[in-house]
Amino acid sequence: MEYSHEVLNMCNVAKGANHGPAPIPEEGKWVQSKEIKDISGLTHGIGWCAPQQGACKLTLNVKDGVIEEALVETIGCSGMTHSAAMAAEILTGKTILEALNTDLVCDAINTAMRELFLQIVYGRTQSAFSEGGLPIGAGLEDLGKGLRSQVGTMYSTNAKGVRYLEMAEGYVTRIGLDKDDTVIGYEFVNIGKMMEAITVGGMSANDALAKFTNNYGRFNEAVKKINPRRE
């Protein structure tokens, strides 16, 4: 290591305050993290691209500094879905420091990784006070049965009003209106469960569609039921 002439001629002063880093909460214990391997936790974060055209929700499960599980969910840009496929393959097995300094293909995913890194290294994880943390596979619980992202898609114009297109429950097929043309409920198909019944259970498409079509609110009382994509 090279020192300047001025530093070489300075006298030594003992370091008094040497108590190490402040401990952070990690998986039910307090840890003085000094190296990447000291970091563990599961957490979520949101990222966005420079033109703010799309966003990414990233979930990471880190054990001893290494990303053991990753869930990448994107919305708003068709190219992001392919970026997410590559990022999901890239992330696992890397330390969080490696992942922070890796090109994760998409701006939004890179930004999400940055936000998660800050949460994780500062002890702000979802599992900070969960003893032993969460098992590998906990990220899938966010998706629920059918393993589909929780998506809400609504469209509205001042001229024609609102159209519900997708809810957490599923793909909206019809909107129920009352006598004043106000929305009072909707009909939806749980696509995840429907596809699972067809591909795994061997059910016919028509039977699966009927079984996993349901409604919410006062849909059955509606005086008018419209297709939000065509009417």
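Me: Which residues are exposed on the other side of α2?
Reply: Helices are DSSP runs of H or I with at least four residues, strands are E runs of at least two, and both are numbered from the N terminus. Exposed means over 50% relative accessible area, buried means under 20%, and partly exposed lies in between (1.4 Å probe, protein chains only). On the other side of α2, the exposed residues are Ser-78, His-82 and Glu-89.

Me: What kind of model is this?
Reply: Residues are numbered from 1 along each chain as its sequence is written, and side-chain values use heavy atoms, without hydrogens and water. Local features need pLDDT of at least 70, side-chain atom pairs count only at pLDDT 80 or more, totals for chains, interfaces and linings use all residues, and the model is predicted.

Me: Within what arc do the buried residues of α2 fall, seen down its axis?
Reply: The buried residues of α2 are Met-80, Ser-83, Ala-84, Ala-87 and Leu-91. They line one face of the helix, because their directions from the axis to the C-beta atoms fall within an arc of 110 degrees.

Me: What do the buried residues of α2 pack against?
Reply: Contact means heavy atoms within 4.5 Å. By that rule, the buried residues of α2 pack against two strands, β4 (55-63) and β5 (66-75), and against the helices α3 (96-100) and α4.

Me: How many Å does α2 reach from its first C-alpha to its last?
Reply: The expected span is 1.5 Å times one less than the number of residues. For the 14 residues of α2, 20 Å is expected. The model comes close to that, at 21 Å.

Me: At roughly how many degrees do the axes of α2 and α4 cross?
Reply: Two packed helices are described by the angle and the distance between their axes. Axes are lines fitted to C-alpha atoms, for helices over the stretch in contact, and angles run from 0 to 180 degrees between N-to-C directions. The axes of α2 (residues 78-91) and α4 (residues 107-121) come within 9 Å, and they cross at roughly 40 degrees.

Me: Which residues of α4 make the contact with α2?
Reply: From α2 come Met-80, Ser-83, Ala-84, Ala-87 and Leu-91. Ala, Val, Leu, Ile, Met, Phe, Trp, Tyr, Cys and Pro count as nonpolar, Asp, Glu, Lys and Arg as charged, and the others, Gly among them, as polar. The contact divides into seven nonpolar residues, one polar and no charged. On the α4 side it is made by Ala-108, Ile-109 and Met-113.

Me: What covers the buried residues of α4?
Reply: Buried in α4 are Ala-108, Ile-109, Thr-111, Ala-112, Met-113, Leu-116, Phe-117 and Ile-120. Their cover includes β1 (24-26), β3 (41-48), β4, β5, α2 and α3.

Me: Which residue just after α4 takes a positive phi?
Reply: Just after α2, Gly-93 has a positive phi of about 95 degrees. Just after α4, a positive phi of about 75 degrees belongs to Gly-123.

Me: Where does Gln-52 lie?
Reply: Most residues other than glycine have a negative phi. Gln-52 has a positive one, near 55 degrees. Gln-52 is exposed, at 63% relative accessible area. It sits in the loop between β3 and β4.

Me: What is the relative accessibility of Asp-181?
Reply: Asp-181 is not glycine, yet its phi is positive, near 65 degrees. Its loop runs between β8 (170-177) and β9 (183-189). Asp-181 counts as partly exposed, at 47%.

Me: Is Glu-27 buried or exposed?
Reply: Glu-27 is in the loop between β1 and β2 (29-31). Among the residues it touches, leaving out those up to four places away in sequence, are Ser-40, Lys-63 and Leu-134. With a relative accessible area of 8%, Glu-27 is buried.

Me: How many Å apart in space are Pro-23 and Ile-198?
Reply: Pro-23 is in the loop between α1 (5-8) and β1, and is partly exposed at 45%. In sequence, Pro-23 and Ile-198 are 175 residues apart. C-alpha to C-alpha, they are apart by 51 Å.
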